[in-house]
Amino acid sequence: MTGWKWNKMRKRIEDEFTYLAVSRQRKYQLRMQRDKRCTECGEPAVQGSRCLKHLVKARERQRKKRGLKRRYYGTLSYKLQAVEKR
Ligand SMILES: [Zn+2]
């Protein structure tokens with residue numbers, strides 16, 4: 001902190017998360033979730049708290065972690081991907 005003057009001049013975002021005892025990163029994620037935004041990049045979320053790009057990324061991560069061999073093509077993110085390619 002560089003003092004109260006600097007603090008006062010700066011426009012602070014105050015909302016329900018401002019005084020929570022959680023990390024800045026966590027607050028950012030909470031705000032993104034509240035605004036239905038991707039918690040990773042701030043793009044509009046398509047499902048849960050992820051945009052299409054990060055939904056796919058998260059899914060790929062999950063797949064690797066679980067070592068799944070088959071893909072679940074009925075999953076929403078696949079459907080959305082198909083729509084985007086059209
Ligand atoms: Zn994203």
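**Figure 1. Threonine 39 in the loop between H2 and H3.** Threonine 39 lies in the loop that joins helices H2 and H3, where helices (H or I, at least four residues) and strands (E, at least two) are DSSP runs numbered from the N terminus. This is a predicted model, in which local features need pLDDT of at least 70 and side-chain atom pairs count only at pLDDT 80 or more, while totals for chains, interfaces and linings use all residues. Residues are numbered from 1 along each chain as its sequence is written. A residue is called buried if 20 or more other C-beta atoms, placed from the backbone, lie within 10 Å of its own, exposed if 12 or fewer do, and partly exposed in between; threonine 39, with 19 C-beta neighbours inside 10 Å, therefore counts as partly exposed. Two residues are in contact if their C-beta atoms, placed from the backbone, lie within 7 Å, and, not counting residues up to four places away in sequence, threonine 39 touches Gln29, Met32, Gln33, Ser49 and Arg50. From C-alpha to C-alpha, threonine 39 and arginine 50 are 6.2 Å apart in space, although eleven residues separate them in sequence.

**Figure 2. Arginine 37 in the loop between H2 and H3.** Arginine 37 is found in the loop between H2 and H3, and because it has 19 other C-beta atoms within 10 Å, this residue is partly exposed. Once its neighbours within four places in sequence are left aside, arginine 37 is in contact with Met32, Gly42, Glu43, Pro44 and Ala45. The C-alpha atom of arginine 37 is separated by 8.8 Å from that of glycine 48, which is eleven residues away along the chain.

**Figure 3. Lysine 36 and its positive phi.** Lysine 36 is placed in the loop between H2 and H3, and its phi is positive, about 55°, although the residue is not a glycine. Most residues other than glycine have a negative phi. Lysine 36 has 11 other C-beta atoms within 10 Å, so it is exposed.

**Figure 4. Histidine 54 in helix H3.** Histidine 54 belongs to helix H3, and it counts as buried because 20 other C-beta atoms lie within 10 Å. Leaving aside neighbours within four places in sequence, its contacts are Cys38, Glu40 and Cys41. Between the C-alpha atoms of histidine 54 and serine 77, which are 23 residues apart along the chain, the separation is 9.8 Å.

**Figure 5. Helix H3 and the glycine that follows.** Helix H3 covers residues 52-66, and at 1.5 Å a residue its 15 residues should span 21 Å, which agrees with the 21 Å between its end C-alpha atoms; the expected span is 1.5 Å times one less than the number of residues. Glycine 67 follows H3 and has a positive phi, near 65°.

**Figure 6. The protein chain as a setting for the close-up views.** The secondary structure consists of four helices and zero strands, and the pattern read along the sequence is α-α-α-α. Of the 86 residues, 7% count as buried. The average pLDDT, the predictor's confidence in each residue from 0 to 100, is 81 for the chain, with 72% of the residues scoring at least 70.
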